[in-house]
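Please read them with the structure open.

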Amino acid sequence: MVTTREIHLASRPAGEPSPANFDLVVAELPEPGEGQVLVRNTWMSVDPYMRGRMDDVESYIPPFRLGAVLEGSAVGEVVASRSPQVPVGATVVHFAGWREHAVLDDAAVTVADTDLAPAEAYLGVLGTTGLTAYAALTEVAPVRRGDVVWISAAAGAVGGVAGQLARKLGAARVIGSAGGPVKAGKLVQDFGYDAAIDYRAGSLREQLAQAAPDGIDVYLDNVGGDHLAAALDALRPGARIAMVGAISSYNATEPVPGPANLFRLAAKDASLRGMLVNTYFPLFPEWIGKAAGWLADGSLYTELTVAEGLEQAPAAFLDVLRGGNVGKMLVRL
Ligand SMILES: NC(=O)c1ccc[n+]([C@@H]2O[C@H](COP(=O)([O-])OP(=O)(O)OC[C@H]3O[C@@H](n4cnc5c(N)ncnc54)[C@H](OP(=O)(O)O)[C@@H]3O)[C@@H](O)[C@H]2O)c1
């Protein structure tokens, strides 16, 4: 038996979650059986989509169960193995986060190449958030040479990668928006955006019109609400919107109305397409190949915001919903 610690869902939130919705629990794990490994988790991810899983509603992924351990992406080291495929010492990526150890079938883990990048990169730029940016801007709302591109939540995990990727794909001008002057400054200085919008500093529409006087060709929407409405008003003919996230409404307790100006899509011969990153998992090898090369040659800047220890995981999650992160928010275990 191995003793470990886990975070359980104590109660479901109404509106904004709080620390009271989580419990830190000591648990006993069985020895790994045939074809299984024991993993000591070293890093875990906290992500905005987990807010949806705290509610008891049907979605593309089942809700977290009350009184049970949460789950999500994590990386760890194999400390015991009864699998010929996955040796002791391997670094593996898997979905049993929110806990310090896990016993997993070998089919449930993927060995990560830590010569290519550090283990934690597989939870961010080389993981699903990096892939989301790649799929959004190559498949869902493809960037073409000379485009004007706007990315919202631009200093976050998806956004921080997306702005730089838009440029690599040939965009002429890349605009990022984020909350507060510090993040807005970082968008230009660190993440390579041409112009930054602090959405808390005044009218989003006016700031967008200033940053993109002739309109936008591509909008990667991480936020929804007023951001999506502002983008619809700024579309150029043939523009494309990738609906990636709608974080402004994740804590809403009432149904959120759609944008009143949705019909601008017709007037501009434009498209709005949603995406779920899982659909694009076959692109992982292609993306990891490209991104690892850019990390190695220094042409892709990334940042992490790191919380220390499993007991900080709920606070880190609450912080990502409130904008307390720059780049990918991770918990080091
Ligand atoms: N479709 C998919 O498959 C897929 C996959 C991954 C992620 N996503 C979505 O993509 C978005 C970004 O995810 P991420 O993991 O990269 O998170 P992230 O951007 O690293 O963190 C979330 C950010 O959202 C911003 N935010 C929070 N409330 C806001 C509000 N009311 N208005 C404007 N901005 C707000 C905060 O930044 P500020 O400080 O700038 O406000 C916060 O840092 C999320 O909506 C997520 O659900 C979708």
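1. Ile 216 has Leu 235 as its bridge partner in strand E12. This is a predicted model, and the points below should be read as comments on a prediction.

2. Strands E11 and E12 (residues 235–243) run parallel and are joined by five bridges. Strand E8 (residues 148–151) also pairs with E11 in the parallel sense, here over three bridges.

3. Is strand E11 enclosed or open? Six of the six residues in E11 (residues 216–221) are buried, so the strand is largely enclosed by the rest of the structure.

4. Ser 152 sits in the loop between E8 and helix H3. Its relative accessible area is 0%, so Ser 152 is buried; the cut-off is under 20%. The side chain of Ser 152 makes a polar contact with the side chain of Tyr 219, at 2.9 Å.

5. Now the ligand. The shell around the ligand has 28 residues, and those that come nearest are Lys 183, Tyr 199, Tyr 250, Val 277 and Asn 325. By type, the shell divides into 16 nonpolar residues, 11 polar residues and one charged residue.

6. An oxygen atom of the ligand is 2.6 Å from an N or O atom in the side chain of Asn 325. A polar backbone atom of Gly 179 is 2.8 Å from a ligand oxygen atom. A nitrogen atom of the ligand is 2.9 Å from a backbone N or O atom of Val 244. On its own the ligand has 900 Å² of accessible area, and the protein covers 89% of this. Helix H2 (128–140), helix H3 (157–168) and helix H9 (313–322) are the elements that give two or more residues to the shell.

7. Helix H9 also contains Pro 314. With a relative accessible area of 9%, Pro 314 is buried. Pro 314 and Phe 22 are 292 residues apart in sequence, while their C-alpha atoms are 6.8 Å apart.

8. Phi of Trp 98 is near 65 degrees, a positive value in a residue other than glycine. Trp 98 is in the loop between strand E5 (91–94) and strand E6 (101–105). Is Trp 98 buried or exposed? Its relative accessibility is 1%, so Trp 98 counts as buried.

9. The other residue is Asp 269, with phi near 50 degrees. Asp 269 is placed in the loop between helix H7 (264–267) and strand E13 (271–274). Asp 269 counts as exposed, because its relative accessibility is 66% and the cut-off is over 50%.

10. Ala 102 is in strand E6. Ala 102 has a relative accessible area of 3% and is buried. From Ala 102 to Met 44 the separation is 58 residues in sequence and 12 Å in space, C-alpha to C-alpha.

11. Ala 184 belongs to helix H4 (residues 181–189). Ala 184 is buried, its relative accessible area being 12%. The C-alpha atoms of Ala 184 and Ala 155 are 8.0 Å apart, with the two residues 29 apart in sequence.

12. Last, a residue in a loop. Ala 20 lies between strand E1 (2–9) and strand E2 (22–29). Ala 20 has a relative accessible area of 57%, and is therefore exposed. Ala 20 is 10 residues from Ala 10 in sequence and 7.2 Å from it in space, C-alpha to C-alpha.

Methods. Residues are numbered from 1 along each chain as its sequence is written. This is a predicted model: local features need pLDDT of at least 70, side-chain atom pairs count only at pLDDT 80 or more; totals for chains, interfaces and linings use all residues. Side-chain values use heavy atoms; hydrogens and water are left out. A residue is near a molecule or strand if one of its heavy atoms lies within 4 Å of it. A polar contact is a pair of N or O atoms within 3.5 Å; within protein, one must be able to donate a hydrogen and the other to accept it, and residues adjacent in sequence count only if both atoms are side-chain atoms. Accessible areas come from the Shrake-Rupley method with a 1.4 Å probe; for residues, only the protein chains shown count as cover. Helices (H or I, at least four residues) and strands (E, at least two) are DSSP runs, numbered from the N terminus. Ala, Val, Leu, Ile, Met, Phe, Trp, Tyr, Cys and Pro count as nonpolar, Asp, Glu, Lys and Arg as charged, and the others, Gly among them, as polar. Buried means under 20% relative accessible area, exposed over 50%, partly exposed in between (1.4 Å probe, protein chains only). Two strands pair if DSSP finds at least two bridges between them.
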